[in-house]
Amino acid sequence: MSITATNAQTSGFSLKAALTVLGADKGTSAKTAAGQAASTSGGSAVFVTLSVEAQAFMATTTVSKAGKTASGAAGPYTAYFPTRDGKPATALAKAVSDPGAVSSSAGLSGPDIAKDARARMDAQYEAMKASGKPFDFDSFEGRDWYSLMGDLDRRSLEAVRSNAGGQFSKQEQDIAQSIMAQQEGLAMGLYNGPISQEASFVDPFRGDEAARMKANLTFLDAVGPEEKTSTEWATRRASAQVSYEIHTREKGNEPEKLDSDNPLATLIKQAMDRSQSDPLRHILKTPDELKTQAWFKGFESRLDATVAQNVAQGIAQGIALAKATTPAADSAKPA
């Protein structure tokens, strides 16, 4: 199962971002953090307001130092993905700032991504067993989780999460989904990771929810084409855009036009706009779930064709990405 609030403390996890990423109130954690900061301060206070850009720069510097302290120069987010042997889970950490980065899935598309992920994970299981300490789902801070999937890029994680090819257990799917939510949360400036590293993390957006949601849109748009074929991704993308527009207008500004080129996300966004529905309540996993929503009424007739178009687009983009990322040594081999 995924880590929950009831077992997070004993497992060494801090889950400030988990519920937010999955669709809870996106303003809560920022307000809580601000309240904690105020309550721990004493004496007279002098407030200095920095631009969002300046805050992001300062936060990135702080996080970068924390990551280098824990694992050399492996990356600014590596400390939040600790492994049992201390080996940097570089692919997992890199996906926070670059979710479209390709490593394990390079040169692969479709079923081949799942086959490769299965082989990599099986090798990790065997290595752990050979060490005399088999994989432990309840390992402290999830260290065995990150060791198991530490070299999977986000496309490979998506293959596990979605059980591509029916090759992955429910437990493996849940681990992959939790890691992917962690990556998205960190990218949004919402801490999700080991309690021991929480103090090193700084929210670059400092409560600016419009900027946070814009960062969420940037993250979602950069993930792999396979992930974008899912109804869950499309509803999260549409919801994030509606939230961004709401928070921007609340500040008295006009939101940027950040429409998606994803057919399903576009359709869902249109339905949300028409119904003026609360986007945070609608993180759905299947087209059938969409059809049951009152706010989606009137759009059902367009859904099946849009889903088919979305899947076809994802497959084509996946094949193109595989060709573009085929290692040079492989492409140079004689036919």
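**Figure 1. Overall architecture of the predicted model.** Among contacts between residues at least 6 apart in sequence, 69% join residues at least 24 apart in this protein. The model is a predicted one. The protein has 15 helices and two strands. Of its 335 residues, 48% count as buried.

**Figure 2. Packing of helix α6 against helix α8.** Two packed helices are described by the angle between their axes and the distance between the axes. Helix α6 spans residues 111-130 and helix α8 spans residues 154-161; their axes come within 9 Å and cross at roughly 90 degrees. Because angles of 65 to 115 degrees count as roughly perpendicular, α6 is roughly perpendicular to α8. On the α6 side, the contact involves Ile113, Ala114, Ala117 and Met121, which meet Arg155, Ser156, Ala159 and Val160 of α8. By class, six nonpolar residues, one polar residue and one charged residue make up this contact.

**Figure 3. The largest nonpolar core and the surroundings of Phe296.** The largest nonpolar core has 60 residues. Those with the most contacts inside this core are Phe81, Met149, Ile268 and Phe296. When residues up to four places away in sequence are not counted, Phe296 touches Leu267, Ile268, Ala271, Leu290 and Leu303. The C-alpha atom of Phe296 is separated by 8.0 Å from that of Ser275, and the two residues are 21 residues apart along the chain.

**Figure 4. Ser275 in helix α12.** Ser275 is found in helix α12, which covers residues 263-275. With a relative accessibility of 30%, Ser275 counts as partly exposed. The side chain of Ser275 reaches the backbone oxygen of Ala271 at 3.1 Å. Ala271 is also one of the residues that Phe296 touches.

**Figure 5. Asp144 and its contact with Arg84.** Asp144 lies in helix α7, which comprises residues 143-149. Its relative accessibility is 2%, so Asp144 counts as buried. A polar contact of 2.8 Å joins the side chain of Asp144 to the side chain of Arg84. Leaving aside residues up to four places away in sequence, Asp144 touches Arg84, Met128, Pro134, Phe135, Asp136 and Ser139.

**Figure 6. Tyr146 in helix α7.** Tyr146 also has its place in helix α7. This residue is buried, with a relative accessible area of 1%. The C-alpha atoms of Tyr146 and Ala176 are separated by 9.6 Å, and these two residues are 30 residues apart along the chain.

Figure 7. Most residues other than glycine have a negative phi, and most peptide bonds are trans. Glu141 has a phi near 60 degrees, a positive value in a residue other than glycine. The place of Glu141 is in the loop between α6 and α7. At 2% relative accessibility, Glu141 counts as buried. Asn163 has a phi near 55 degrees, which is likewise positive in a residue other than glycine. Asn163 lies in the loop between α8 and α9, the latter helix covering residues 170-187. Asn163 is partly exposed, with a relative accessible area of 25%.

Terms used. Residues numbered from 1 in each chain as written. Predicted model: local features only at pLDDT ≥ 70, side-chain atom pairs only at ≥ 80, totals over all residues. Heavy atoms only, no water. Axes fitted to C-alpha atoms, helices over the stretch in contact; angles between N-to-C directions. Helix = DSSP H or I, 4+ residues; strand = E, 2+ residues; numbered from the N terminus. Parallel < 35°, antiparallel > 145°, perpendicular 65-115°, else oblique. Contact = heavy atoms within 4.5 Å. Nonpolar A, V, L, I, M, F, W, Y, C, P; charged D, E, K, R; others polar. Core = buried A, V, L, I, M, F, W, Y, C linked by side-chain atoms within 4.5 Å. Buried < 20%, exposed > 50% of the residue type's maximum accessible area, 1.4 Å probe, protein only. Polar contact = N/O pair within 3.5 Å; in protein donor to acceptor, adjacent residues only side chain to side chain.
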